[in-house]
Amino acid sequence: MVREILIWPDPILKQKAKPVAKVDDSIRTLVKDMFETMYAADGVGLAAPQVGILQRVIVLDTTPRQPESKPLAMINPELIALEGELTYTEGCLSIPGEAEDVNRAALVTVKFLDVEGQEQTLKCDGLLAVAVQHETDHLNGTVFVDHVSTLKRELIRKRMKRLKSERDERPSAS
């Protein structure tokens, strides 16, 4: 099921997500819905808070730009090593139409649970490293515009508020 993606500055996006206590069918359903939502929005990553669920769950698929990678669901992801630095022009499904340069670690090692509840460790580089950091930020109540200047952030905030009010004024499809 495709879920609605919250638009920043929705207050839920500023909250810290809670760890998943048990990987069960409800979490697997959430992961499935998040993949469907991310693909419908043409994204490479999505965090549960972006669909209004304050749990530490992210989905990623960088295969269009990194054919060697595969779709990933990470439950309770934890960045355990950061190396190097790169600047990447990031966008966000919760901040549509906007993109800004953000400095990130070039290589990250992440520990997480998969959809079977098994612990995994993965070393990521390139777009996958950026996406893991971006989505993990969401779990901590941070969006990519928190990494840019106050002026840029305020201009984007005004555009997002206008977009959100336009979205809210549209008649629903029901």
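I take buried to mean under 20% relative accessible area, exposed over 50%, and partly exposed in between, with a 1.4 Å probe and protein chains only. Helices (H or I, at least four residues) and strands (E, at least two) are DSSP runs, which I number from the N terminus.

**Ground rules.** I am working on a predicted model, in which local features need pLDDT of at least 70 and side-chain atom pairs count only at pLDDT 80 or more, while totals for chains, interfaces and linings use all residues. I number residues from 1 along each chain as its sequence is written, and my side-chain values use heavy atoms, with hydrogens and water left out.

**Entry 1, helix 2.** I looked up helix 2 and found that 13 of its 14 residues are buried, so the rest of the structure largely encloses it. Helix 2 covers residues 126-139 and reaches 21 Å from its first C-alpha to its last, close to the 20 Å expected at 1.5 Å a residue; the expected span is 1.5 Å times one less than the number of residues. After helix 2 comes Gly 141, with a positive phi near 80°.

Thr 136 lies in helix 2 and is buried at a relative accessible area of 6%; leaving aside neighbours within four places in sequence, Thr 136 is in contact with Ile 58, Pro 77 and Leu 79. Asp 137 also has its place in helix 2 and counts as buried at 16% relative accessibility. Not counting residues up to four places away in sequence, Asp 137 touches Arg 104, Thr 142 and His 147.

**Entry 2, the sheet.** I count two strands as paired if DSSP finds at least two bridges between them. The model has an open sheet of 5 strands in the order 1-2-3-6-7, with antiparallel pairing, and its edge strands, strand 1 (45-47) and strand 7, each pair on one side only. On average, neighbouring strands of this sheet are turned by 40° against each other, direction ignored; for such angles, axes are lines fitted to C-alpha atoms, for helices over the stretch in contact, and angles run from 0 to 180 degrees between N-to-C directions.

Going through the pairs, I noted that strand 1 and strand 2 run antiparallel and are joined by 3 bridges, and that Ala 47 has Ile 58 in strand 2 as its bridge partner. Helix 1 packs on the sheet, touching strand 1, strand 2 and strand 3, and its direction makes about 40° with that of strand 2. Strand 3 is joined to strand 6 (residues 107-113) by 6 bridges, again antiparallel, with Ala 81 opposite Thr 109 in strand 6. Between strand 6 and strand 7 (residues 119-125) I find 7 bridges, also antiparallel, and Leu 113 stands opposite Glu 119 in strand 7. The hairpin of strand 6 and strand 7 has 5 residues between the strands, and Gly 117 takes a positive phi near 85° there.

Which residues does Val 57 contact, leaving aside its neighbours within four places in sequence? Among them I list Val 20, Leu 30, Val 31, Met 34, Leu 46 and Leu 139.

I searched the whole structure for disulfides (pairs of cysteine sulfur atoms within 2.5 Å) and found 0. For Cys 92, which is in no disulfide, the nearest cysteine sulfur is that of Cys 124, 18 Å away. Cys 92 counts as buried at 9% relative accessibility, and Cys 124 counts as buried at 1%.

Ala 41 has its place in the loop between helix 1 and strand 1 and is partly exposed, with a relative accessible area of 33%. Not counting residues up to four places away in sequence, Ala 41 touches Ile 5 and Leu 93.

Terms used. Contact = heavy atoms within 4.5 Å.
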